[in-house]
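Subject: Structure for you to look through

Dear colleague,

Please find below the sequence and the structure that I promised to pass on to you. My notes on what I found follow directly after.

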Amino acid sequence: MNNIKRYLPYLILFISIILAIITRFYKLGEIPKELYIDEAGHGYSAYSILKTGKDEFGKSFPIVFRQFTDFKAPIYIYLLVPLISIFGPTSFAVRLPSSIFSILTIPLIFFLVKKISPKTEGGYIASISALLLAISPWHIFYGRATFECTVALFFFLGGVFLFFKGLENPKLLILSAVSFAIAITGYNAQRLITPLMAIILFIKYRKVLLSKTYIKFLLLGTLVGLAILLPSLSIALTPGFWARATGLNIFSFNKAFPPGYMNGKTGFLGLIVNNLTFLSSKEFLSLYISYLSPRNMFVLGDYNSRSFFPELSTFFLWQAPFYLIGLYHLIKNKGLGELRFFTLALLIIGPLPAAVTRDPYSTIRALQLIFPQIIIVTIGIIAAYRFVQKRILKIAFVLIFILLIIYSLAKLFSSVVILNEYYKAEYWNYGWEEVASTIKTLNPNLPIVVDTAREWPYIQILFSLKFDPATYQKENFEVPLNEYYTNLNRQEVKKIGNIITRKIQWKPDIKKEQYLIGDSLAISQQQIEEHKLTLIKDVYYPDGRIAYRIVKTNPQLNLPSEP
Amino acid sequence: MKSKLENLLIALTLFSWPFNLFLANTKTDFLRYLIPLILLSISYLLYTRKNKFFLLPAIIVPFFEPKLAIFPILFVLTYSLVTKNFKKYIILIILSFVVLAVAWRPFKGQTIFSYDYQARQQVLRNITLYPNVALARVFQNKARVYTDKFISNIFALTDPNNYFFAFHPREIIVTNQNLYKYPFLGIIFLLIGIYFLEKSSNKNFIIASFVSLIISLSLLSTFDRNDFVLWLPISLTVVEGTKRFFAFKNKFVYLFSIIFIVFVLIQLVRNYTAFHI
């Protein structure tokens, strides 16, 4: 019996890892069916680095990668380079780092929670936390597509784990600093969270860290960490480094005033009713609270249509009561020691990167919150189990819990595999692969114009066609390379062999024999008839709506009639 | 000085919701939403005086607002559960059922159980996407039409953003007036109040009224403005929190109070401006 109790947490961990592998790897390159714009961007940048040592804009080994109107953290893209050399530029390869690091986070949370939990309950809190993370819709979402946050999150948690291990073996403090530094480089939100967590840990354990045995390793770790951060720090003052943060920051009023701003109210009244300190404080606090709100966690989920699975939020609904019970126990029960400290600290700082940006509930920027919130749900489950007194009821509790896990897995299948593919195809930029394969069959001597009125599809076309990066770099110019991090201008027109991406201009475009590609708004049935276009192909979304149209112009039929 | 400041903060905090509801509605409508709250408040006053008939005013609420027809039963049941004294309230429970029967017809048409053609069609369409009917039925069934609405309501009604920020500032809710109910910094008092609720002398009344009202309102297709009745249990918690806050011996209390008062005044001017200027 004692042996069972001893090894049960490890058995649950093993099951969790298996579930994580299934939920992350099942049809990884096929579901979601296509790469959305940022995924294709990451994939093509890595492909370009692999083939030429430069990104698609011709910059050698960038510190942060230019993409569209902002810059992307480099770790994920550099991780992709060897994978693309092995698997080729495929959807599977581009999503692989997310999946791998998402799975690796499962044992990591187990060992971290076990390390910092009270010994009597540590194994169970750790294993149930790992199990809940393995089936978490939030973590699975970011583990099944190309998102830098998943990789950065692993290194952040790794840094925390190594820090706690480092309190026993100071050499590990150096590795902790390395892991923290990689996390900071890995994703924008970690630029705030990781240093904050490092400061909190330092303050809490300053007596140990500043003691003779530890201080040299602490200093060495700080130096190594700074060395890793050096490339990023070298461009820290450029607009490119801060492009994302300044664009979304609720405290920058260049783009938009805070919500509640009353237009037309000027003078003394305007000073009162449009007080920016008041409006921004209110927005910040509202955003901050929203990340802890059960309504967002269990019902609404992310506001971005692409960023959640249909009929699922960040957590399963059945976890809501356990969240409340767990929160109560976490606050009241001081016996939880370091686990309580870590969970509360991360719960408090976790929403900060997201709460300073405009979106109401951005799950990507708040992903670090998944740890404290899952630990809280776990504490709630264990507290509820302990509350049950009779043995038979305890058995019933466990059986119901197992049933809930099975139900959750079925729910994931329903949402991820069935509903997401049907309802979210548009948000996942469905259709470009089919467009690209049709392009290959068209007359190569005729030019092709791809409309950019509502999208910037050049990157999906480049990736789908596996277009030679060297040729693309030669044929296109974005900004002078010495202004790569500073000049945020972008060129609208892109040339990909005989393909040009730009807005369709009907008058001149129908006078030339060429192919036109656009969505059903750009090329409507009325325009096909009016401009006497030949329909080559309609590409459909799974729900039957037209995603894209490929047509051929017929200049001879559009000649002006003689008076 | 400290107690005067405390009273001022309590007054400012509690004033916002009635003030904004009054500004945003006609006098007749305002009165309609106010009556259930008055009855519940009488109930509370009797409760504080340990009057054994304190539940009676709450039981007659549905005569004035049929949308809350289910509230008396839930209130009496929850209170008897909280106090673990079911037998004592059995007559009141029976009486509540009679009230429900009287208010049933006007109540029924306003609930989440009224027929929703679009939601049903959505379920039918979703069923066709699944590889087999058995799996489809687990996740796509007509019961979901009601449970989804109930869950959505219950989480909206328990969301702090609803009471302190009119949901999220950028969130547009068509069926909701999105009124500012409490000054947003007042959320600190609410959280402190919840933390110390266990020690509050009003604990049983707050829990019973809040839980029963939340469930009653969640059964409505639109709870907006009818949720004004929640002013009482939430305000009692906020008052508890404010008192506990002022018990802290810290200069921060005064600093926070000044910021709080300035922000409340700005919010009140904003609300008045929005409706009248």
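Which residue just after helix 2 of chain A takes a positive phi? That residue is Gly53(A), with a phi of about 80°. Please keep in mind throughout that this is a predicted model, and that the values below were computed from it.

A compact globule of 563 residues would have a radius of gyration near 24 Å, and the 26 Å found for chain A agrees with that. Buried residues account for 47% of the 563 residues, while 75% of the contacts in chain A with a separation of 6 or more are between residues 24 or more positions apart.

The domain assignment divides chain A into domain 1 (2–16 + 33–236 + 291–423) and domain 2 (432–558), whose C-alpha centres lie 39 Å apart. Where the two domains of chain A meet, 24 residues of domain 1 are in contact with 19 residues of domain 2. On the domain 1 side, helix 2 and helix 20 (391–423) of chain A each supply at least two residues, and helix 2 gives the most, with nine residues. By class, that side of domain 1 has eleven nonpolar, six polar and seven charged residues.

Further along chain A, strand 7 (residues 534–540) and strand 8 (residues 546–552) pair in the antiparallel sense over six bridges, with Tyr540(A) standing opposite Ile546(A) of strand 8. The two strands form a hairpin with five residues between them, and Gly544(A) in the turn has a positive phi of about 95°. Leu535(A), which has its place in strand 7 of chain A, counts as exposed because it has 12 C-beta neighbours inside 10 Å. Leaving aside residues up to four places away in sequence, Leu535(A) touches Ile528(A), Arg549(A) and Val551(A).

There is also a contact between the chains, which takes 24 residues from chain B and 28 residues from chain A. On the side of chain B that touches chain A, the elements giving two or more residues are helix 8 (133–139), helix 9 (142–157), helix 10 (160–164) and helix 14 (252–276) of chain B; helix 14 of chain B gives the most, with five residues. The residues on that side of chain B divide into 15 nonpolar, five polar and four charged.

Lastly, a note on one loop residue: Asn178(B) sits in the loop between helix 10 and helix 11 (187–195) of chain B, and is partly exposed, with 18 other C-beta atoms within 10 Å. Asn178(B) and Phe167(B) are eleven residues apart in sequence and 6.9 Å apart in space, C-alpha to C-alpha.

With best wishes

Conventions. Residues are numbered from 1 along each chain as its sequence is written. Chains are lettered from A and ligands numbered from 1 in the order in which they are written. This is a predicted model: local features need pLDDT of at least 70, side-chain atom pairs count only at pLDDT 80 or more; totals for chains, interfaces and linings use all residues. Helices (H or I, at least four residues) and strands (E, at least two) are DSSP runs, numbered from the N terminus. Two residues are in contact if their C-beta atoms, placed from the backbone, lie within 7 Å. Ala, Val, Leu, Ile, Met, Phe, Trp, Tyr, Cys and Pro count as nonpolar, Asp, Glu, Lys and Arg as charged, and the others, Gly among them, as polar. Two strands pair if DSSP finds at least two bridges between them. The radius of gyration is taken over C-alpha atoms; the globule rule is 2.2 Å times the number of residues to the power 0.38. A residue is buried if 20 or more other C-beta atoms lie within 10 Å of its own, exposed if 12 or fewer, and partly exposed in between; C-beta atoms are placed from the backbone. Domain bounds come from an automatic or database domain assignment.
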